[in-house]
Amino acid sequence: MTKTAIIIGAGPAGLTAAYELITKTDIKIIVIEQTNDIGGISKTVVHNGNRMDIGGHRFFSKSDTVMKWWQEILPIQGSESKDDILKDIYYQKKRTQVKLSPDGPDPEKTDRVMLIRNRLSRIFFLRKFFDYPITLNGRTLSNLGIVRIIKIGWTYFWIQIFPVKNITSLEDFFISRFGKELYKTFFKDYTEKVWGVPCTEIAADWGAQRIKELSVSRALLHAMKSILKKEKSIEQKNTDTSLIEQFMYPKLGPGQMWETVARIVEEKGGVIIKNSEVVALNISENQVNELSYFNHTDQKKSIIKGDYFFSTMPVKDLITALGNKVPSKVKVVSDGLQYRDFITVGLLLNKLKIKNETKMQTLHELIPDSWIYIQEPNVKVGRLQIFNNWSPYMVADIEKVWIGLEYFCNEGDELWQKKDSEFIQFAIDELDSIDIIDKNEVLDSTIIRMPKTYPAYFGTYSDFNIIRDFTDKFMNLFLIGRNGMHKYNNQDHSMLTAITAVNNIINGEKSKNNIWNINTEIEYHEEK
Ligand SMILES: Cc1cc2nc3c(=O)[nH]c(=O)nc-3n(C[C@H](O)[C@H](O)[C@H](O)COP(=O)(O)OP(=O)(O)OC[C@H]3O[C@@H](n4cnc5c(N)ncnc54)[C@H](O)[C@@H]3O)c2cc1C
């Protein structure tokens with residue numbers, strides 16, 4: 001008899017599981033998604049013809065499997081994209097140097113195409129731009145001033161001679177890597193903006209997982225190598241992931257990838273039920289039997305039976321949905337799991353106030369960055385996305401500038417509760433106050449609130465194994481993805497957890513260790 005897999009969530013992990021199952025097995029697929037959207041945190045929102053990400057989403061992986069998988073769905077561009085063509089028309093200047101795929105599609109003629117983008121993401125601090133990663137050049141020296149530079153050098157060498165003995169907090173980790181002054185200048189404020197708690201309260205694990213390979217010596221080595229040799233292939237095998245210089249990006253944003261995958265799954269017979277929230281899973285000793293979901297459209301509750309269950313819903317919600325059979329010690333850890341939430345404001349402008357002062361050719365003097373880390377201490381905005389530079393096709397009118405201001409917050413806090421119009425005005429005022437925009441140039445705006453974007457490595461996270469031991473007992477339940485595993489997984493890791501879980505079913509592998517091990521050895525870096 002044909003078996004059925006029920007997949008909770010139509011984000012990258014859920015849809016990868018669906019795609020893998022439907023292309024490699026005869027298992028029936030049902031995906032249940034609580035929202036009306038496809039793509040989870042990796043969706044693309046369209047506002048009056050302008051497209052925006054929930055944070056910019058680079059498509060890059062050290063895993064060949066994932067790189068190939070993406071390119072099978074959306075092949076790499078074979079001809080130049082609109083911005084490069086226009087640069088040539090306007091300025092007859094050299095176009096962006098990217099390696100085009102000889103037989104790839106033309107982004108001017110088709111949508112099903114992946115663009116190759118050059119990465120520039122600088123740090124905005126003291127009203128000036130700093131290179132990312134910080135390089136020891138004339139501009140950095142003059143931006144920072146000689147006194148700060150001496151302090152950075154001195155505290156860095158000090159920590160090399162007298163290393164931190166017990167590295168328990170993230171602060172210890174940063175200081176032991178970079179020295180006190182470099183930590184205070186470039187890591188402390190930004191990290192605390194992202195997480196909303198002091199670096200002394202965040203486990204050192206976070207640093208070890210997120211930036212384990214990044215160090216002053218590696219950054220210097222990378223800078224030297226980049227001068228000598230530009231790595232042109234998209235694989236960038238010899239480059240630390242946090243330092244990659246090119247990435248892939250779907251013509252119409254990350255959501256396009258997942259909408260395409262969802263369409264393929266449906267064409268192959270899979271069922272995707274939207275606007276339906278999984279509220280309960282019925283369990284017996286070591287297996288899940290059925291689940292119930294509540295459809296927000298018809299306000300009805302339904303129950304479906306399945307043979308395999310893949311969960312990408314937040315672990316905390318899953319444990320609640322497992323009901324009163326959950327042991328109290330598991331519930332205590334689950335209740336204590338914490339998250340960081342996210343608000344992004346989209347602004348359409350005639351132009352930015354800040355101008356391109358780099359040597360890179362851009363349209364209408366637009367700064368060339370895909371995103372900028374806002375390090376200024378007096379504003380709450382954490383990052384700024386310039387969507388024109390992710391893909392010129394994200395903007396309805398390429399003569400305008402379409403940006404996203406990112407705020408890290410906690411669901412229910414002061415920022416989260418602000419009225420939409422009040423928040424948008426606050427965001428505009430902030431960018432105006434640091435001279436990035438002139439508020440009179442704003443033409444249109446929108447706001448998106450996204451809960452649980454960052455599973456936190458504090459709260460009860462250090463006892464997470466108690467949850468894992470409990471959920472691993474259910475032979476037909478697979479926790480995959482980012483919030484699904486409470487792990488700082490990017491799209492590639494989220495996909496690899498899904499691919500591994502499906503392979504385990506195919507190969508009769510009972511242990512789930514290989515799923516949990518993903519992203520412990522393959523490192524990635526999503527933000528500074
Ligand atoms: C600001 C930011 C920037 C990022 N940048 C990058 C990047 O540059 N590159 C990269 O590769 N990754 C990036 N990521 C990470 C990427 O967004 C995630 O790894 C990816 O979306 C995780 O996929 P997922 O399927 O595990 O989870 P999600 O994307 O969270 O999808 C889970 C889905 O499950 C649904 N769901 C939840 N609960 C229920 C329920 N009870 N019932 C039914 N459905 C439910 C949700 O609605 C959602 O659609 C970034 C993330 C953030 C926050």
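Student: In which hand does helix 12 pass helix 16?
Tutor: The crossing is left-handed, meaning that the near helix is turned anticlockwise from the far one by less than a right angle. Helices here are DSSP runs of H or I with at least four residues, and strands are runs of E with at least two, numbered from the N terminus. The model is predicted: local features need pLDDT of at least 70, side-chain atom pairs count only at pLDDT 80 or more, and totals for chains, interfaces and linings use all residues. Residues are numbered from 1 along each chain as its sequence is written.

Student: At what angle do the axes of helix 12 and helix 16 cross?
Tutor: They cross at roughly 125 degrees and come within 9 Å; axes are lines fitted to C-alpha atoms over the stretch in contact, with angles from 0 to 180 degrees between N-to-C directions. Helix 12 and helix 16 are therefore oblique, a class left over after roughly parallel (under 35 degrees), roughly antiparallel (over 145) and roughly perpendicular (65 to 115).

Student: Which residues of helix 12 and helix 16 meet?
Tutor: K329, V330, V333 and S334 of helix 12 meet F464, I466, I467 and F470 of helix 16, contact meaning C-beta atoms, placed from the backbone, within 7 Å.

Student: Turning to the ligand, how many residues surround it?
Tutor: There are 36, and G9, G11, G40, G55 and G481 are the closest; a residue counts if its C-beta atom, placed from the backbone, lies within 6 Å. Helix 1, strand 10 and helix 17 each give two or more residues to this shell.

How values were computed: Two residues are in contact if their C-beta atoms, placed from the backbone, lie within 7 Å.
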